[in-house]
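Here is a friendly briefing to read alongside the model. Please have the sequence and the 3D view open as you go.

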Amino acid sequence: MKANKSQILIIIAFLSIYVIWGSTYLFNKVAVTELPPFFLACIRFSTAGVLMLMIAKIFGFSFKITKKQILNSAIASLFFLILGNSVFVWALRYVDSGFAALIASTQPLFVLLILRFLDRKPMQKKSIIGVFLGIVGMVLLVSQQELVTSSETILGILVMLGCVLGWSYGGVFVSKADLPKNYLVSTGLQMVIAGIVLAILSFSFQEKWTSPLSWSTNVQISMSLLIILGGIVAFTAFNYLLKVVSTEKVATSAYVNPVIALFMGWYFLDEKISTQSMIASAILLTGVYFITSRKRKVKNINGTSKT
């Protein structure tokens, strides 16, 4: 019974990071068109973090946390929520949501290269094929003439690639790090830390803070979904999966999210999908498949229990 319950939780968690995170590109794109990016992220993570800690308190979960766990939570927050998410949303002002999701789909490629560097193990044939296809797909994706003529889009793409690299390293770090044992407490702490740092960044960049009552209805709805679904539900599921399955399996969300994001961007925001983008995405996601479906010959990097 316990094994079946664990399997069900894993399936639900994967569905959460697949479907919910695929939709967050749309919600972030809608919100960032009206709100400053760091202010947006600050409100999102601060609210979600406080709610999660309140829920953990109501259910009586332990808040006993060591200094090491606080430090590790801050590091995880830096790579995931500040660099990997908030800066990514900043760049989303210059890139379509579906296109951004395709850039984010390179995460398994970055994870593989990071693990290759850390473990110093030779790559398998499937991995080599996956890396090759991933690079070809990315070159085709970013070499489109309409992108080259836009310096802002190029800047957005480069920033996003840096964000994906940061998120990928964060996934490897968290899988080994000593973090609070309860997922609600761990994730809530990471979000509160991110909220504080993002508030400082927002004030440093002199962003304008506004009341939620003054936001448009679309932004209010988007922010609510980002906080509840994208923040509390999906990020908790993500942290849970990093401790119970391999980092690379968790990274498979990278080839499900773009499909959902592309469809939602096309349907709701009328974003255009060029033929070259479709070809590039097919090659890129095939490369991701080769990377994530190869047989594991090295020891799983999962450590103790985690966020």
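Let's start with a charged pair: the side chains of Asp-178 and Lys-181 meet in a salt bridge, at 3.4 Å from N to O. A salt bridge here is a side-chain nitrogen of Lys or Arg within 4 Å of a carboxyl oxygen of Asp or Glu. This is a predicted model, in which local features need pLDDT of at least 70 and side-chain atom pairs count only at pLDDT 80 or more, while totals for chains, interfaces and linings use all residues. Residues are numbered from 1 along each chain as its sequence is written, and side-chain values use heavy atoms, leaving out hydrogens and water.

**Salt bridges**
- By the salt-bridge rule, the count comes to two.
- Asp-178 counts as partly exposed at 28% relative accessibility, and Lys-181 is also partly exposed, at 48%. For these labels, buried means under 20% relative accessible area, exposed means over 50%, and partly exposed is in between (1.4 Å probe, protein chains only).
- Asp-270 forms a salt bridge with Lys-272, with the closest N and O atoms 3.5 Å apart.
- Lys-272 is exposed, with a relative accessible area of 66%.

**Around Gln-69**
- Gln-69 has its place in helix H3; helices (H or I, at least four residues) are DSSP runs numbered from the N terminus.
- Is Gln-69 buried or exposed? Gln-69 is buried, because its relative accessible area is 6%, which is under the 20% limit.
- Leaving aside neighbours within four places in sequence, Gln-69 is in contact (heavy atoms within 4.5 Å) with Lys-64, Asp-178, Leu-179, Pro-180 and Lys-181.
- The Gln-69 side chain reaches the backbone oxygen of Leu-179 at 3.3 Å.

**Nonpolar cores**
- The largest nonpolar core has 40 residues, and those with the most contacts inside it are Ile-17, Phe-80, Leu-198, Phe-235, Phe-238 and Leu-241. Such a core is a set of buried Ala, Val, Leu, Ile, Met, Phe, Trp, Tyr and Cys residues joined through side-chain atoms within 4.5 Å.
- The elements giving two or more residues to this core are helices H1 (2-32), H2 (37-58), H3 (67-91), H8 (151-176), H9 (183-204) and H10 (217-244).
- H10 gives the most to this core, with nine residues.
- Ile-17 touches several residues beyond four places away in sequence, including Ala-234, Phe-238, Leu-241 and Val-250.
- A second, separate core of 23 residues includes Ala-101, Leu-102, Ala-104 and Ala-261.

**Helix H4 and Ser-277**
- Helix H4 (residues 97-104) is mostly covered, with eight of its eight residues buried; among them are Phe-99, Leu-102 and Ile-103.
- Ser-277 lies in helix H13 (residues 275-293) and is buried, with a relative accessible area of 10%.
- Not counting residues up to four places away in sequence, Ser-277 touches Phe-99, Leu-102, Leu-141 and Gln-144.
- The side chains of Ser-277 and Gln-144 are joined by a polar contact of 2.8 Å. A polar contact is a pair of N or O atoms within 3.5 Å; within protein, one must be able to donate a hydrogen and the other to accept it, and residues adjacent in sequence count only if both atoms are side-chain atoms.

**Nonpolar surface patch**
- Phe-263, Trp-266, Tyr-267, Phe-268, Leu-269, Ile-273 and Met-278 form a nonpolar patch on the surface, with about 770 Å² of accessible area together. Nonpolar patches join Val, Leu, Ile, Met, Phe, Trp and Tyr side chains within 5 Å, from residues with over 30% relative accessible area and no salt bridge; areas come from the Shrake-Rupley method with a 1.4 Å probe.
- Helix H12 (residues 257-269) gives the most to the patch, with five residues.
- Phe-268 is in H12 and is exposed, with a relative accessible area of 53%.

Note on methods. Patch = residues over 30% accessible without salt bridge, like charges linked within 9 Å, V, L, I, M, F, W, Y side chains within 5 Å.
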